[in-house]
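Hi,

Here is the structure I promised to pass on. Have a look at it first, and my notes follow below.

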Amino acid sequence: MTSYDVTENDTAQALGSGDVPVLATPRLLAWMEAETVRAASAHLDEGRTSVGTAVRIVHAAPTPVGGTVEITAEGPADPAQRTWTFTVRATDARGRIVGEGEIDRAPVDRERFLERLAR
């Protein structure tokens with residue numbers, strides 16, 4: 001679990017995803033994805049990393065500047081699978097669900113992935 005304080009830089013106005021001073025959906029997604037990266041690292045061997053492959057989230061409630069959001073990511077259910085699905089949830093200081101959903105990540109060999117990218 002990771003906690004974030006919403007700043008002016010995290011708002012829909014600042015990121016261009018809207019015109020109100022509340023937590024922007026792209027920032028919420030970035031925080032959720034970062035939490036899946038941390039959760040995935042527990043299942044990765046040396047030289048491996050994971051890459052995001054799919055996102056299914058709902059941004060359910062606004063959070064104002066100064067608010068706090070806690071992000072959790074649970075999964076994968078079976079680390080032997082080719083794609084890992086993480087259940088993500090964001091809650092505010094009152095315990096209200098700000099957003100939730102699923103993010104898929106695929107474990108890959110870091111060096112091979114970067115070599116393919118360079119081709």
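Helix H2 covers residues 25-41, and at 1.5 Å a residue its 17 residues should span 24 Å, which agrees with the 24 Å between its end C-alpha atoms. The expected span here is 1.5 Å times one less than the number of residues, and helices are DSSP runs of H or I with at least four residues, strands runs of E with at least two, numbered from the N terminus.

Before going on: this is a predicted model, where local features need pLDDT of at least 70 and side-chain atom pairs 80 or more, while totals for chains, interfaces and linings use all residues. Residues are numbered from 1 along each chain as its sequence is written, and side-chain values use heavy atoms, leaving out hydrogens and water.

Back to H2: its buried residues are Leu-28, Trp-31, Met-32, Glu-35, Thr-36, Ala-39 and Ala-40. Buried means under 20% relative accessible area, exposed over 50%, and partly exposed in between (1.4 Å probe, protein chains only). Their cover includes strands S1 (2-5), S2 (48-59), S3 (68-74), S4 (84-92) and S5 (97-109).

Take Thr-36: its relative accessible area is 0%, so Thr-36 is buried. Leaving aside residues up to four places away in sequence, Thr-36 touches Ala-73, Phe-86, Val-88, Ile-103 and Arg-105 (contact means heavy atoms within 4.5 Å).

There is also 1 aromatic pair. The ring centres of Tyr-4 and Trp-31 are 4.3 Å apart and the planes at 5°, so the pair is stacked (centres within 6.5 Å make a pair; planes under 30 degrees apart count as stacked, over 60 as edge-to-face, the rest as tilted). Both Tyr-4 and Trp-31 are buried.

Cheers

Definitions and conventions
Rings of Phe, Tyr and Trp (its six-membered ring) pair if their centres lie within 6.5 Å; planes under 30 degrees apart count as stacked, over 60 as edge-to-face and the rest as tilted.
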